[in-house]
Amino acid sequence: MFGIEALELARIQFAFTVSFHILFPAITIGLASYLAVLEGLWLKTHDNVYRDLYHFWSKIFAVNFGMGVVSGLVMAYQFGTNWSRFSDFAGNITGPLLTYEVLTAFFLEAGFLGVMLFGWNRVGRGLHFFATCMVALGTLVSTFWILASNSWMQTPQGHEIIDGRVVPVDWLAVIFNPSFPFRLMHMATAAFVATAFFVGASAAWHLLRGRDNPAVRKMLSMAMWMALVVAPVQAVIGDFHGLNTLKHQPVKIAAIEGHWENTPGESTPLILFGIPDMQAETTRYKIEIPALGSLILTHSLDKQVPAMKEFPPEDRPNSTIVFWSFRIMVALGLLMIAAGLWSLLLRKSGGLYSNRLFLHFVMWMGPSGLVALLAGWFTTEVGRQPWVVYGLLRTADAVSHHSYSQLGFTLVAFVVVYFALFGTGFGYMMRLVRKGPHTGEGDEQRPGGPGQKRTPARPLSAADDGHEANSASLSKEN
């Protein structure tokens with residue numbers, strides 16, 4: 001039999017692989033829609049700045065998409081290797097949902113990805129734009145099915161348990177479970193925000209190094225418009241998501257708030273900072289604001305929020321982790337909103353592209369969307385514990401029979417391989433970002449557009465193009 005050490009190692013291993021993986025789909029979702037917007041604007045306005053940005057970001061999208069596919073395959077195998085009892089219990093629901101994702105989203109993306117990346121010179125403008133839109137749609141459809149599966153694990157419904165296995169009886173209820181709409185909107189919006197700051201940070205980096213051209217300016221402008229609009233929307237969606245979680249998973253909210261017990265007749269304070277102590281059942285060194293917890297979570301000043309001590313100790317998630325992961329997410333979200341508002345003020349004063357303090361701030365905020373996304377996933381997944389399917393299957397009952405040494409060895413192997421493989425891929429992607437968009441200045445011989453001669457949108461175009469220069473030089477000499 002495995003011990004608690006093996007269980008924790010299995011959880012850490014899955015958390016490590018899923019944390020690596022989620023970064024790539026998030027950027028893929030955002031960049032795919034961004035590329036569709038860029039190509040649409042180019043077709044409408046005939047402004048070649050949009051065309052140049054499309055070619056630039058399509059290379060980065062291709063590399064990111066490839067790493068996302070590879071990292072996602074590992075997770076699928078882990079369901080069978082490390083969590084076989086979960087697969088046996090819930091496979092009748094999670095299996096078909098993940099299959100629908102492959103049959104609809106992945107095939108849609110893969111079918112049109114080749115046209116999108118390599119068909120720029122080979123198909124008409126309308127067909128190429130359609131292919132780009134289909135890839136963007138595929139990423140959102142993929143998000144739909146993945147979040148349907150994960151949300152069912154959070155708020156399961158539409159099933160019966162027969163012979164110790166979950167059997168679906170109402171697929172619409174399974175898919176559109178109570179938390180699904182909020183989690184889908186929250187994840188999709190998080191991907192857009194994360195991509196906006198990734199794009200904005202890239203533009204800020206080039207501007208700080210004196211590369212001020214229309215393409216770079218357009219990158220920053222579009223990214224900051226997205227931040228200004230979408231970051232506050234994300235905060236509103238998060239509020240609705242919190243209310244839904246309070247209804248269906250009140251112990252998770254209590255852990256997030258670090259709230260242990262209610263005083264009769266008093267509203268619930270909001271604990272800003274503190275250190276939850278699971279053993280002592282208290283939050284130490286807390287700084288709190290009276291009644292604000294009730295106002296935010298119940299939208300009233302007299303209702304109380306459920307407290308941790310109202311639930312059995314064996315049903316409580318680790319408050320220390322979710323308390324801080326939630327606050328990291330919220331803090332970064334507030335900084336994103338501040339960045340959007342700051343950009344609006346600078347637009348009016350004409351300093352959006354020249355204020356170095358702002359550009360440094362945007363550059364350092366580049367990874368903020370991804371960090372906030374990871375913090376949000378840690379909050380929701382650790383907050384679900386000790387359940388893997390909430391209220392139906394405990395995590396300790398879902399893990400495979402593996403020894404501590406087996407899981408320890410594979411965890412080390414995953415860490416080494418992931419950092420080597422995806423570290424190299426990430427470094428290459430950053431090399432593409434540093435290269436910057438090709439603006440076509442001084443390059444009248446290569447007009448863009450479908451049917452025209454132009455450097456193809458290939459990821460390896462970041463490699464040294466010295467051979468092209470040499471060929472041109474030889475042609476002139478001859």
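A salt bridge here is a side-chain nitrogen of Lys or Arg within 4 Å of a carboxyl oxygen of Asp or Glu. I kept in mind that this is a predicted model. With that cut-off I searched the whole structure and got ten salt bridges.

**Entry: Asp52 and Arg51**
I looked up Asp52 and found that its partner is Arg51, with 3.0 Å between the closest N and O atoms. Then I checked how accessible the two residues are. Asp52 has a relative accessible area of 3%, so I put it down as buried. Arg51 comes out at 6%, so Arg51 is buried as well. The cut-off I used for buried is under 20%.

**Entry: Asp88 and Arg165**
Which residue does Asp88 form a salt bridge with? I found Arg165, and the closest N and O atoms are 2.9 Å apart. This pair links distant parts of the chain: Asp88 sits in helix H3 (residues 84-118) and Arg165 in strand E2 (residues 165-168), 77 residues apart. For accessibility, I noted 40% for Asp88, which makes Asp88 partly exposed. Arg165 has a relative accessible area of 35% and is partly exposed too.

Notes
Residues are numbered from 1 along each chain as its sequence is written. This is a predicted model: local features need pLDDT of at least 70, side-chain atom pairs count only at pLDDT 80 or more; totals for chains, interfaces and linings use all residues. Side-chain values use heavy atoms; hydrogens and water are left out. Buried means under 20% relative accessible area, exposed over 50%, partly exposed in between (1.4 Å probe, protein chains only). Helices (H or I, at least four residues) and strands (E, at least two) are DSSP runs, numbered from the N terminus.
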